[in-house]
Amino acid sequence: MQQLWLIPILPLLGFLLNGIFGKRLAKPVINVIAVGSVLLSFLWVVKTLNALGAFSGGLEQTYKEHYYTWIQSGALNISVDFAIDRLTAVMLMVVTGVGSLIHIYATGYMSHEGGYYRFFAYLNLFMFFMLTLVLGANFLLLFVGWEGVGLCSYLLIGFYFLEKFATDAGNKAFIVNRIGDFGFALAIFLVGFHFNTLDFTTVMTQVKGMPIETSAGLFTGISLLLLVGATGKSAQIPLYVWLPDAMAGPTPVSALIHAATMVTAGVYMIARTSQIYLHSTWALDIVAIVGLTTAFVAATIGLAQNDIKKVFAYSTVSQLGYMFVGLGVGAFSAGIFHLMTHAFFKALLFLGAGSVIHACSGEQDMRHMGGLRKYTPITMVTLLCASLAIAGFPYLSGAASKDLILEAAYEHAPWMYWVGVFTAGMTAFYVFRAFFLTFFGEYKGKPAASHGHGHDDHGHGHGEPHESPAVMWIPLAILAVLSLGGGFINIPHFLEPIFPLQEGEPARWLEYVATAAGLGGIALAYLFYVVSPGLPESIANTFKGVHTLIYNKYFVDEFYDSTVVEPVVGGSRQLLWRVGDVRLIDGLANGIGSTARGVGGILRRAQSGYIRSYAAWVIAGAVLAIAYIGFWGASR
Amino acid sequence: MTLLDIVLFLPLVGFLLLLILPKESSRMAAMVLSSVIFVVSLGLLMPYWFQYPSGHTFSTDVQWISYPPIRYHVALDGLSLWLVLLSTLLTPIAALVSWNYIDKRVKEYYAFLLLLEFGVIGVFISMDLFLFYVFWEVSLVPMYFLIGIWGHERRIYAAVKFFLFTMAGSVLMLGAIIFLYNRTGTFDYGQIQGMIQTGSLVFDQRTELVLFLAFFIAFAIKVPIFPLHTWLPDAHVEAPTAGSLMLASVMLKMGTYGLLRFCVTLFPDAAHRCAPWIAGLAIIGIIYGALVALVQPNMKKLVAYSSVSHLGFVVLGIFTFTQQGLDGAVYQMLNHGISTGALFILVGYLYERRHSLEISAYGGVATPAPNLAIIFLITTLASIGLPTLNNFIGEYLVLQGTASANFGWAVFASLGVIFSACYMLWLYQRTFFGRASESLSHHMPDLTTREWAAILPLVLLMVWMGSFAQTFLPSISVQNAAILEQTKKLRTERVAIPARPVAEVSRANR
């Protein structure tokens, strides 16, 4: 026994300690509990993986531990089992590693905030559920983590619960995810019904032995329903709308939950159930198309956003789209590889953005930043590393994984490659747009006025922008190193026992074109925002219609509001409640009711005392009944 | 005299005792008595602790009335065990939440509470149909008065409505019981069941359907199943906190219990034939209840409509005739008792502070009362079926069972899970989030020790039932397997044409 349960239980303990006693604890104690529990969990992951030989070519088979039976009903037995294979190993390292760094960073970032203990309790609870999600050895346990991380996301988005926009965003995240979970749950029911077990190993072994579907059937059904769940959690079209709003939460939350870990759960889930997808003719194609569309659409929206966190939020949606493309074209290991590198550079982008927001006393609008390279050099350098990585600069982590996805896409369908490359160009452009707007030019903020009115509510009115303390920039530096060098961790090779690599070398030019697109995007951003800053506005004016469309995110929120939310609420209120329930059903009952009132009145008058009246009721009833029986019984 | 008899009659003794004792001590006496009853009732777990007997335990069968032969026959099995424990657990909690809330006719109030406990325990353990009917009526009366005397403004209207709805149903049931007696010469459930099982009692299809419907309507009103639900919101809104608690948590279970205990096992053929219709009503109830809950401006009405939705899952589970469906249904009965009961308690806490049930009167409660906010949140999450909390297990099992019976049903029923998140989270946001007004902050102290004591056991149970379902499930499962076996056996014996099961299989495969 490797005591895998310790990995999630440690953060759970942190949650309980801080959640119950946190109000009475000093900040350093809260820090020790919160950061310590996650660090210990990270160390336990390293220790376990080492013992299982993951770092030395071992762990080719799934290692599983059984704890107790959770639900037993008829033939269906669902246990609390944790399992580790190489896929889980990657996820565990990413979740606990990046998670530890973000916890450390947050102790600095949140130091001036109210509800400090509450924040760390939620963050630890999130780690517990996320680790349950990746360790769970069956569908239902994965679902536990899945819903649990959704809960923590809800709590942390709505962390500033005095503000309506924050709690609205929290509700939206939870409910949109619930729509996804609806699909996920139905998939689980199908699996449970057809395989009589929810255990991953058992189900996948059985699936392996079954023929590939030639037309839409069970596997297509399960895969598409799982995909519905994945589009919710991983913010893909059509359920991506919650993620940009989720930026209402504190920035470390955006980094950990809404960029590095939780939103990748959908990618993990599809990789985990890849056997089912491989047995369906359509499902994988649909995954790829959903991913590609999302990557493209989100990138276009990212071009025109002014809130620094919104830019990175749409970038996250777009990058998750790439991962889905990877999965959809059958390059599962490339998708997971990109999941990991993305965790590094996107966490860094958000934490860097947090550092910038911190420096500007809560300001999030990039139009009020600028020239920060003078004030926050460390942040600038680390953000540059992340930006280069996401833009696909050669040899950096993002390029390594993205190129693998694009090459696999080309193998699958060349047009997918070209859309991907174009999107990569846009990605480089909008990320460097943000970079240049923030760090170049002149500082445009109003020091005295910007008194913590940012969305993050994170201000303490220091005036001059200032560099962040060491607890914040050291995690940034570590993530910068990982963003630069993460591409040399050969995840596809590591995952080979699970996802066999395709034979043959892809053509070199595919890589060159993709790199050129990235560099072109950077150059264009440099031209637009450093060389001639007037240019973007004039272009925006020329293409006013398009600009309005993407600036307003294609009006998707408004569309959903008017086609789904308002009809449901309005219909329920007017039709179901006021007409259906009150007038129709209750109207009928009230006809009886008004008669009843009269009868009740008479009955009440007939008896003088309540208890006696009750007794009389019973006796009268019994006498009547017995008389009736006596009569019927005699006539039998 | 078995322990079960003691547990049954202690509340009656308590009721009589309270009538004798002076008014000043009745609050304390009720608290002590109901707590003692709960502790004693824990002894009922003994036979179920290390093994899961499928038959009856603590059986007592003595003659009550010689002619017609009505017997005092009570017994416990895996189905009734947990419902009895739920009743004995919630009675002291109901007494505790009434502590300050009830200031008039205190003595009668607590006396009725104990009488109610007597009635509901009797319902869950009666093995004689007539005895069952007597307890069914006995439980009705104290609730009528709890609403009618200690309720809010429109209490008389609500009480009468409650009474008449239930009475209308129970008259039908009484008729059916008497019809059964005329055919068999006995009221004993076990004997009648045995006759049906052995084939010595056979109904033609129409008679069976009529009998089934007579029982079904009585129980359907009690559950309540759409469209017989409109008495429930009124009753809840007008009832005092403890009344709502006992009504939602225990009394509604009398309906679902009856469906499973009597409707399904006495008339399996009719039950199977009506199953698609009933499942349809259950699904409508799930979605309809949730949608109407979404737009309620009144907290208690919202929770009441959510009950309609939640109990739809129970009914749906029963009429899937699958092991998972039945297990989930029974588990969901307990879950609903715990989590909806807790919701009513918490709404009661809010009411005691602000004297309003309108959601718009609140907002920002989390700031002055953080502990109340946390407990309310956990209860909300339990209610919307978050994994690791209790409702998830029940809903999962029900839906899993439904999916094996008919996947289309499962699709529609699962929609209810989305809507439940909508109405509960929206309620939570409007009540607890935002900035608290000055007047609200002044009248919103956090939980008192007494309030903690009442709610904490329920919260712990939510976590326990969600994380360690096997504490409860095996004994339930064994009983449901027996019920399922009975109905299956009867069906295969009785249904001459085998076309139907084949059609079902093919539909399930589709």
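## A pair of strands in chain A

Two strands are said to pair if DSSP finds at least two bridges between them. In this predicted model, strands β1(A) and β2(A) pair in the antiparallel sense, and nine bridges hold the record of that pairing. One example of a bridge is that of A:I71, whose partner in β2(A) is A:I78.

The two strands, β1(A) and β2(A), form a hairpin with two residues between them, and A:G74, in the turn, has a positive phi of about 60 degrees. Strand β2 of chain A, which covers residues 76–84, is mostly covered, since seven of its nine residues are buried.

The secondary structure of chain A comes to 25 helices and two strands, while that of chain B comes to 21 helices and two strands. For the 636 residues of chain A, a compact globule would have a radius of gyration near 26 Å, and the value for chain A is 29 Å, which agrees. For the 510 residues of chain B, a compact globule would have a radius of gyration near 24 Å, and the value for chain B is 22 Å, which also agrees.

Taken along the principal axes, the C-alpha atoms of chain A fill a box of roughly 105 × 65 × 55 Å, and those of chain B fill a box of roughly 75 × 60 × 45 Å. Of the 636 residues of chain A, 56% count as buried, whereas in chain B buried residues make up 63% of the 510 residues. If one looks at contacts between residues at least 6 apart in sequence, 80% of those in chain A join residues at least 24 apart, and in chain B the share is 81%.

## Where the chains touch

The contact between the chains takes 57 residues from chain A and 54 residues from chain B. On the side of chain A that touches chain B, the elements that give two or more residues are β1 (63–73), α5 (139–157), α6 (164–195), α24 (556–606) and α25 (610–634). The residues on this side of chain A divide into 34 nonpolar, 15 polar and eight charged.

In soluble globular proteins, nonpolar side chains tend to be buried together. The largest nonpolar core in this model has 441 residues, and those with the most contacts inside it are A:A347, A:L348, B:F215 and B:C263. Helix α15 of chain A, which runs over residues 332–359, gives the largest share of this core, namely 18 residues. The core also draws at least three residues from each of domain 1 (285–551) and domain 2 (558–634) of chain A.

If residues up to four places away in sequence are not counted, A:L348 touches A:T382, A:C385, A:A386, A:L476, A:L479, A:A480 and A:S483.

## An enclosed helix in chain B

Helix α10(B) is largely enclosed by the rest of the structure, because eight of its eight residues are buried. These buried residues are B:W231, B:L232, B:P233, B:D234, B:A235, B:H236, B:V237 and B:E238, and they pack against the helices α6 (129–150), α7 (155–184), α11 (241–266) and α13 (299–318) of chain B.

Most residues other than glycine have a negative phi, and most peptide bonds are trans. Against that background, a cis peptide bond joins A:I237 and A:P238, with omega of about 5 degrees, and A:P238 lies in the loop between α8 (218–233) and α9 (242–245) of chain A. In chain B, a cis peptide bond joins B:F226 and B:P227, with omega of about 0 degrees, and the place of B:P227 is in the loop between α9 (205–222) and α10 (231–238).

A:F555 has a positive phi of about 55 degrees although it is not a glycine, and this residue lies in the loop between α23 (544–551) and α24 of chain A. A residue counts as exposed if 12 or fewer other C-beta atoms lie within 10 Å of its own, and A:F555 is therefore exposed, with 12 such atoms within 10 Å. B:H355 likewise has a positive phi of about 55 degrees without being a glycine, and B:H355 is found in the loop between α14 (323–354) and α15 (370–383) of chain B. With 9 other C-beta atoms within 10 Å, B:H355 is exposed.

Key. Residues are numbered from 1 along each chain as its sequence is written. Chains are lettered from A and ligands numbered from 1 in the order in which they are written. This is a predicted model: local features need pLDDT of at least 70, side-chain atom pairs count only at pLDDT 80 or more; totals for chains, interfaces and linings use all residues. Helices (H or I, at least four residues) and strands (E, at least two) are DSSP runs, numbered from the N terminus. The radius of gyration is taken over C-alpha atoms; the globule rule is 2.2 Å times the number of residues to the power 0.38. A residue is buried if 20 or more other C-beta atoms lie within 10 Å of its own, exposed if 12 or fewer, and partly exposed in between; C-beta atoms are placed from the backbone. Two residues are in contact if their C-beta atoms, placed from the backbone, lie within 7 Å. Ala, Val, Leu, Ile, Met, Phe, Trp, Tyr, Cys and Pro count as nonpolar, Asp, Glu, Lys and Arg as charged, and the others, Gly among them, as polar. A nonpolar core is a set of buried Ala, Val, Leu, Ile, Met, Phe, Trp, Tyr and Cys residues joined through C-beta atoms within 7 Å. Domain bounds come from an automatic or database domain assignment.
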